[in-house]
Amino acid sequence: MHHKSLLAMLISAAMLVGCGSSDDDSSTDITQPDSGTPTTPVSEYNHQVTGLAVYQGALFSATVCADLNKNLACDTDEPYSITDNEGNYQVDWNSEIETPDYYLVANWEAAKATQAIRARSLALNIKNSTTRSAPKSIVSDAGKGTLIASPQYNGAINNLTHIKLSRVMEMKSQNLSDSEINQLSTQLDGLLATLYQLDTATLYAVSAEASATASFIRLEYAIAYLQQVIATQIPNLIAAEIIINAIYAELWQILSDSGLSAEEFFSTDVFTLAANILFSDAAIALGFTELPIDSRILSQNDWDIVLGNIINENGFTNTLSLTLSSDVNAFSIQNADNTKALNWVYRQPNLEFAFEVTLREDEEDDTQTECWNKTDKRWYTEDNGPVIEPTITGNTFNTVYAGANVRATA
């Protein structure tokens, strides 16, 4: 009975407190919220990005979106706008994130599918292959155009922002440190500024007029083409820009001599072979690779055969010559006793032949042989100065020079 009475008293007291009938009023005060303080946090922020989208001129009626999930596509739930006649756009949206992290993506229907730069690396017998895949062209074979950009360049979307973001994304995928990425990014900025002859401070603010110039178009094709070819064999992430920077003048001379547009030039086998010889020479000289990037130039097996026929226990016995111009490619190999020579010539359009020549013993060679002296920077004959001995550097066999032409370089 004692326990039940105590329990009843406790229940009764609890009910009285719940009804506010306690004698201690201070224990039941309820603090009311300040009417001037929001009861819920701010749920949305207003965002706006404006800019200019250009590619070989102003991009008219292109779809530009804020790629919030960074999948390089404009999804149906992502904010977008349509560019005007001059390529200007403005994208507005609200979100619960005060400082969103996103990419800018521009999609459009290209004027013609031939603007696509087809990857050729799969047709090459390459060396030192890696798991890196060839990058996609800005314009696909189907004529679908896509440009990407980081919003840090005041909304600018063009082929330079596309190159920059593509390279940075690949750097991050290679698990490089922040300092390595910053170093490569700065180097890339300098290379692009040099190639496109722009100020580094305003490098990515490309106007519609500038994007339509011949120099912009041919550089875009050259970089995209070379990047596709070397993506599977040269691990350096900005090798394409470095290589083209090294052979800029020579490449444009061949392109000019061809009489073709940039897109035609980089779609024609004979001219891509001529360009690849330049690219390979630069890549080897820069230490990116030991062999040409195109097996049509020289494969490892070819080099072993040539080198084995040039050098034996008696030293240098045969002579190999390579010739390159905008419309003719040729080589010849001559035997040790100068009685026979094998010649191969490729000439546009689609003319290719090889033939063996028997050299007459009574023919005299009146050619005066001279050697270039790098120290004195002048030519010497065998009688009036030092003669440069044949050497092998990497995969290159260098013999003496005849006049101003390289007589034997493989």
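Cysteine 74 is partly exposed, with a relative accessible area of 25%. Here buried means under 20% relative accessible area, exposed means over 50%, and partly exposed lies in between (1.4 Å probe, protein chains only). The model is predicted: local features need pLDDT of at least 70, side-chain atom pairs count only at pLDDT 80 or more, and totals for chains, interfaces and linings use all residues. Residues are numbered from 1 along each chain as its sequence is written, and side-chain values use heavy atoms, with hydrogens and water left out.

Cysteine 74 is joined to cysteine 65 by a disulfide, S to S 2.2 Å. A disulfide is a covalent bond between the sulfur atoms of two cysteines; the criterion is a pair of cysteine sulfur atoms within 2.5 Å. One disulfide was found in a search of the whole structure. The torsion about the S-S bond of cysteine 65 and cysteine 74 is about -90°, so this disulfide is left-handed. Cysteine 65 is buried, at a relative accessible area of 1%.

Two helices, α5 (residues 214–230) and α6 (residues 239–246), have axes that come within 9 Å and cross at roughly 125°. This makes α5 oblique to α6. Helices (H or I, at least four residues) and strands (E, at least two) are DSSP runs, numbered from the N terminus. Axes are lines fitted to C-alpha atoms, for helices over the stretch in contact, and angles run from 0 to 180 degrees between N-to-C directions. Angles under 35 degrees count as roughly parallel, over 145 as roughly antiparallel, 65 to 115 as roughly perpendicular, and the rest as oblique. Contact means heavy atoms within 4.5 Å. From α5, the contact includes Leu219, Ala222 and Ile223. From α6, the residues include Ile243 and Ile244.

Leucine 52 lies in strand β1 (residues 45–52). Its relative accessible area is 25%, which is partly exposed. Leucine 52 and isoleucine 157 are 105 residues apart along the chain, and their C-alpha atoms are separated by 6.2 Å. Leaving aside residues up to four places away in sequence, leucine 52 touches several residues, among them Tyr89, Ile157 and Val206.

Most residues other than glycine have a negative phi. Serine 61, not a glycine, has a positive phi of about 60°. Serine 61 sits in the loop between β1 and β2 (63–67) and is partly exposed, at 42%. Glutamine 197, also not a glycine, has a positive phi of about 55°. Glutamine 197 is in the loop between α3 (178–196) and α4 (208–211). At 65% relative accessibility, glutamine 197 is exposed.
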